[in-house]
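Reader: I am new to this structure. Take me through the terms used for it, one at a time.

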Amino acid sequence: EVDFTRIEEDVAAEAAIFAVQELRYDRAYAANLTQNLELKYGVKRAEFPQTIMHYTLPSKLFERLIKRRAIRHQGNPILTWQIGHVALKSDNNENIRPVKPEPHSGKSIDGILGMVMSLYGVYAAQNMTPRVY
């Protein structure tokens, strides 16, 4: 059973500690949680559509950062595990997005998706609105 109140309180506390400017979210799974965070705690939220076109720019940037070994996560074993099994889905227009390698494998890439969605937010915060094709 998931204790959403506890999750909400923990996210609000971390958002305050790290001065989170905006929380990117998937409408299908986090609309209610992020709405409560915004209303109760003032944590701004921004929907991130889960389409290949929205993921392309930040996914390509994330891929470059990985190749440069520029992602620092202080040895977090979960992120190390998740990075180790991210696969890429692509289309004919060279759009990409991270995906789990096999459905129902038990492998999660949620932390990686959060990092990629955050990269999109970094561009927006710097008035460098990412072009989404």
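**Calling things by their names**

Author: Start with glutamate 94, which is exposed, with a relative accessible area of 58%. This is a predicted model.

Reader: Why is glutamate 94 called exposed?

Author: Exposed means over 50% relative accessible area. Glutamate 94 has 58%, so the word applies. Glutamate 94 sits in the loop between β3 (87–90) and β4 (96–99).

Reader: What is the phi of glutamate 94?

Author: Phi is near 65° there, a positive value in a residue other than glycine. Alanine 19 is not a glycine either, and has a positive phi of about 50°. Alanine 19 belongs to the loop between α1 and β1 (23–25).

Reader: What makes glutamate 8 and lysine 40 a salt bridge?

Author: The rule asks for a Lys or Arg side-chain nitrogen within 4 Å of a carboxyl oxygen of Asp or Glu. For glutamate 8 and lysine 40, the N to O value is 3.0 Å. That meets the rule, so the pair is a salt bridge.

Reader: Which parts does this pair tie together?

Author: Glutamate 8 is in helix α1 and lysine 40 is in helix α2 (residues 27–41). The pair therefore ties together parts that are 32 residues apart in sequence.

Reader: Are the two partners buried or exposed?

Author: Glutamate 8 has 7% relative accessibility, so glutamate 8 counts as buried. Lysine 40 has 56%, so lysine 40 counts as exposed. The cut-offs are under 20% for buried and over 50% for exposed.

Reader: How many salt bridges are there by this rule?

Author: The count comes to 5. One of them joins glutamate 22 and arginine 24, with the closest N and O atoms 2.6 Å apart. Glutamate 22 has a relative accessible area of 35%, so glutamate 22 is partly exposed. Arginine 24 has 18%, so arginine 24 is buried.

Reader: How do you know that glutamate 47 and arginine 27 form a salt bridge?

Author: The N to O value is 3.5 Å, and the limit is 4 Å. The pair links distant parts of the chain. Glutamate 47 is in strand β2 (residues 45–47) and arginine 27 is in helix α2, 20 residues apart. At 33% relative accessibility, glutamate 47 counts as partly exposed. Arginine 27, at 57%, counts as exposed.

Reader: What makes the nonpolar surface patch?

Author: Val2, Phe4 and Ile7 make a patch of about 270 Å². A patch residue needs over 30% relative accessible area. Phenylalanine 4 has 52%, so phenylalanine 4 counts as exposed. Isoleucine 7 has 32%, so isoleucine 7 is partly exposed. Both values pass the 30% cut-off. Phenylalanine 4 is in helix α1 (residues 4–17), and isoleucine 7 is in helix α1 too.

Reader: Which residues of α2 are buried, and what covers them?

Author: Ala30, Thr34 and Leu37 are buried in α2. The cover for the buried residues of α2 includes α1, β1 and β2.

Reader: Why is isoleucine 109 called buried?

Author: Buried means under 20% relative accessible area. Isoleucine 109 has 3%, so isoleucine 109 is buried. Isoleucine 109 lies in the loop between β4 and α5. Leaving aside neighbours within four places in sequence, the contacts of isoleucine 109 are Gln82, His85, Val86, Pro98, Val99 and Lys100.

Reader: Which residues touch the most other members of the largest nonpolar core?

Author: Tyr55, Phe62 and Ile112 do, in a core of 15 residues. The elements giving two or more residues are α3 (52–67) and α5 (110–125). Of these, α5 gives the most, with 7 residues.

Reader: What does phenylalanine 62 contact beyond its neighbours within four places in sequence?

Author: Ile71, Ile112, Met115, Val116 and Leu119. In soluble globular proteins, nonpolar side chains tend to be buried together.

Key
Residues are numbered from 1 along each chain as its sequence is written. This is a predicted model: local features need pLDDT of at least 70, side-chain atom pairs count only at pLDDT 80 or more; totals for chains, interfaces and linings use all residues. Side-chain values use heavy atoms; hydrogens and water are left out. A nonpolar core is a set of buried Ala, Val, Leu, Ile, Met, Phe, Trp, Tyr and Cys residues joined through side-chain atoms within 4.5 Å. Buried means under 20% relative accessible area, exposed over 50%, partly exposed in between (1.4 Å probe, protein chains only). Helices (H or I, at least four residues) and strands (E, at least two) are DSSP runs, numbered from the N terminus. Contact means heavy atoms within 4.5 Å. Patches are made of residues with over 30% relative accessible area and no salt bridge: like charges are joined within 9 Å, nonpolar side chains (Val, Leu, Ile, Met, Phe, Trp, Tyr) within 5 Å. Accessible areas come from the Shrake-Rupley method with a 1.4 Å probe; for residues, only the protein chains shown count as cover.
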